[in-house]
Amino acid sequence: MIEKKFNDKWKFWENKDSFALVWNVPETAKEITVPHDAMFEKNPHADSLNGGNTGYYDGAFYNYVKTLHAPADYKEKTVILKFEGVYMNAMVYINGELAGKNMFGYSTFYVPLNDFLRYGEENEIRVQVRNGAMTNSRWYSGGGIYRDVYLLVSDVTHLVPEGIQIKTTEADETLAVLDIATEVKTRKYAPSHVVLETVIRDAEGN
């Protein structure tokens, strides 16, 4: 699986109404690079409902938009977005359709894209972040896409991200027994024969 950062050339703006139905990108939107802390861009004030938990910074409703060109050969690939952290209540839309969501502000999450992509065209990736409910943190959380975003591209049949678990069940000076579990997924709708090979190397690469 090829993993590359998807951090640059996002458009960002703040909405006052978290239920607004306007879908355009306003002229006031500014280009930013994530990781981005939208909360820190505001001025703290003594009347913030978050109080000292976030250093008297308010939360708000944030929008992030970026385009992705999907080559025609992506149709025969698996394409996933990986968000390492969005605070909080993140909704991810691809070309206006809800593709994924994650309510937790501190956890990594993945959004499969294939069912929503227009191949051979530019595609709009929109992340709405609902961080306006206060109070919602016991410490300074920041707000928005505050960690890296990655674009993952692999074959139709692929190893699931974070889908490999390795446990050492026994070990002494001469022998170790490992229990290795690997999760494999495919987008094919027909049976196929695959080979899974696990290679263990020592410090010298042997």
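## Reading rings, core and sheet

Q: Which residues form one aromatic cluster, and what makes two rings a pair?

A: Rings of Phe, Tyr and Trp (for Trp, its six-membered ring) pair if their centres lie within 6.5 Å, and planes under 30 degrees apart count as stacked, over 60 as edge-to-face and the rest as tilted. Here Phe6, Trp10, Phe12, Tyr62 and Tyr64 form one aromatic cluster. The model is predicted, so local features need pLDDT of at least 70 and side-chain atom pairs count only at pLDDT 80 or more, whereas totals for chains, interfaces and linings use all residues. Residues are numbered from 1 along each chain as its sequence is written, and side-chain values use heavy atoms, with hydrogens and water left out.

Q: How many aromatic pairs does a search of the whole structure find, and what do Trp10 and Tyr64 tie together?

A: The search of the whole structure gives ten aromatic pairs. One of them joins Trp10 and Tyr64 edge-to-face, at 6.5 Å centre to centre and with 85° between the planes. Strands are DSSP runs (E, at least two residues), numbered from the N terminus; because Trp10 lies in strand 2 (residues 10-15) and Tyr64 in strand 4 (residues 61-70), the pair ties together parts that are 54 residues apart in sequence. Buried means under 20% relative accessible area, exposed over 50% and partly exposed in between, with a 1.4 Å probe and protein chains only. On that scale Trp10, at 0% relative accessibility, is buried, and Tyr64, also at 0%, is buried.

Q: Is the pair of Phe83 and Phe109 stacked or edge-to-face?

A: Phe83 and Phe109 are stacked, with 5.0 Å between centres and 10° between planes. Phe83 belongs to strand 5 (residues 77-83) and Phe109 to strand 9 (residues 109-112), so this pair ties together parts 26 residues apart in sequence. Both Phe83 and Phe109 are buried.

Q: Where does a charge sit over a ring?

A: This is counted if NZ of Lys or CZ of Arg is within 6 Å of the ring centre and within 35 degrees of the ring normal. Lys66 lies over the face of Phe6, 4.5 Å from the ring centre, and the charged end of Arg126 sits over the ring of Trp23, 4.3 Å from its centre.

Q: Which residues of the largest nonpolar core touch the most other members?

A: A nonpolar core is a set of buried Ala, Val, Leu, Ile, Met, Phe, Trp, Tyr and Cys residues joined through side-chain atoms within 4.5 Å. Of the 34 residues in the largest one, Trp10, Tyr64, Leu81, Phe83, Leu113, Val127 and Leu151 touch the most other members. Several strands each supply at least two residues of this core, among them strand 7 (90-94), strand 10 (121-130) and strand 12 (149-155), while strand 4 gives the most, with four residues. Contact means heavy atoms within 4.5 Å; leaving aside neighbours within four places in sequence, Leu151 is in contact with residues including Ile2, Phe6, Leu81 and Leu113.

Q: What order do the strands of the open sheet have?

A: Strands of a sheet pair through backbone hydrogen bonds, either parallel or antiparallel, and two strands count as paired if DSSP finds at least two bridges between them. The open sheet of six strands has the order 3-2-4-10-7-8, with antiparallel pairing. Strand 3 (30-32) and strand 8 (97-102) stand at the edges, each with a single partner strand, so one side of each is left without a neighbour in the sheet. Strand 2 and strand 3 pair in the antiparallel sense over three bridges, and the bridge partner of Trp10 in strand 3 is Ile32.
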